[in-house]
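Have the viewer open and a cavity tool ready if you like to follow along.

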Amino acid sequence: MRRRAAVPNMESDMPEKQPTPNTTDALELLIADHRAVEKLFTAFEKAEEDDLEAKATLAQRACEELTIHTIIEEELLYPAASQALPESDVVDVEEAYVEHFLVKTLISKFETLKAGDKGFDATFKVMSEMVQHHVEEEESELFPELRKANLDVNALGEKIAKRKMELQSKLDQVGSHAVGDKT
């Protein structure tokens with residue numbers, strides 16, 4: 001079983017896997033995911049240009065975190081938001097689905113791109129910019145609207161925490177592959 005690659009000489013600089021916050025508030029759980037991915041983006045930006053192992057590991061971890069996060073939002077958050085929000089705000093949810101599609105498209109590029117390949121850094125940068133835009137919209141527009149709509153964030157948070165554990169367990173069972181590794 002493959003495990004996440006350790007990065008020699010950079011372990012202390014690598015963001016640690018974030019523990020699930022001690023809350024059942026769905027929006028707080030999702031915000032914690034946002035902060036964890038932002039730390040990975042920042043670490044990638046700070047990585048030395050020729051430290052391909054660090055870049056590959058950071059890209060891999062970001063793709064894993066984003067994949068789990070998008071599944072959770074699409075399965076649980078967005079359907080709940082569509083029900084809780086007035087019709088006029090559902091457009092924001094539809095836009096979020098489109099943004100997820102674009103990020104998933106970039107994530108799929110990392111199935112063949114390896115650190116050091118032409119376009120690797122650019123693809124990661126564009127992905128991080130798209131995610132940062134998406135996060136900003138969710139946190140400044142969608143989440144406040146959901147709070148106003150009196151969405152039961154605790155019941156949703158329990159579902160999110162459970163689903164995240166299931167998805168992480170599946171990932172741990174199959175093991176991680178390095179970005180660009182088809183084995």
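## Ground rules

For sorting lining residues, Ala, Val, Leu, Ile, Met, Phe, Trp, Tyr, Cys and Pro count as nonpolar, Asp, Glu, Lys and Arg as charged, and the others, Gly among them, as polar. This is a predicted model, where local features need pLDDT of at least 70 and side-chain atom pairs count only at pLDDT 80 or more, while totals for chains, interfaces and linings use all residues. Residues are numbered from 1 along each chain as its sequence is written, and side-chain values use heavy atoms, with hydrogens and water left out.

## The fold in brief

The protein chain has 5 helices and 0 strands, counted as DSSP runs (H or I, at least four residues, for helices; E, at least two, for strands) and numbered from the N terminus. So, read from the N terminus, the order is simply α-α-α-α-α.

Of its 183 residues, 44% are buried, meaning under 20% relative accessible area with a 1.4 Å probe, protein chains only. Take the contacts (heavy atoms within 4.5 Å) with a separation of 6 or more: 80% of them join residues 24 or more positions apart. The chain exposes about 10,000 Å², with 53% supplied by carbon and sulfur atoms; that area comes from the Shrake-Rupley method with a 1.4 Å probe.

## The largest cavity

Searching the whole structure turns up 3 cavities of 30 Å³ or more. A cavity here is a set of points, on a 1 Å grid over the protein atoms alone, where a 1.4 Å probe fits but cannot get out; lining residues have an atom within 4 Å of a point. Volume is the space filled by probe spheres set on the points, which are joined across faces, edges and corners.

The largest cavity comes to about 130 Å³. It is lined by 16 residues, and Leu66, His69, Val131, His134 and Val135 are the closest to its centre. Two or more lining residues come from each of α1 (26-46), α2 (52-84), α3 (90-109) and α4 (120-148), and α1 gives the most, with 5. By type, the lining splits into 6 nonpolar, 6 polar and 4 charged residues.

## The second largest cavity

What surrounds the second largest cavity? Its lining is Asp92, Glu95, Ala96, Glu99, His134, Glu137, Glu138, Glu141 and Leu142. The elements giving two or more of these residues are α3 and α4, with α4 supplying the largest share, 5 residues.

This cavity holds about 70 Å³ of space. Its lining divides into 2 nonpolar, 1 polar and 6 charged residues.

Note on methods
Buried means under 20% relative accessible area, exposed over 50%, partly exposed in between (1.4 Å probe, protein chains only). On a 1 Å grid over the protein atoms alone, a cavity is a set of points where a 1.4 Å probe fits but cannot get out, and a pocket is an open set with protein on both sides within 12 Å along at least five of seven lines; lining residues have an atom within 4 Å of a point.
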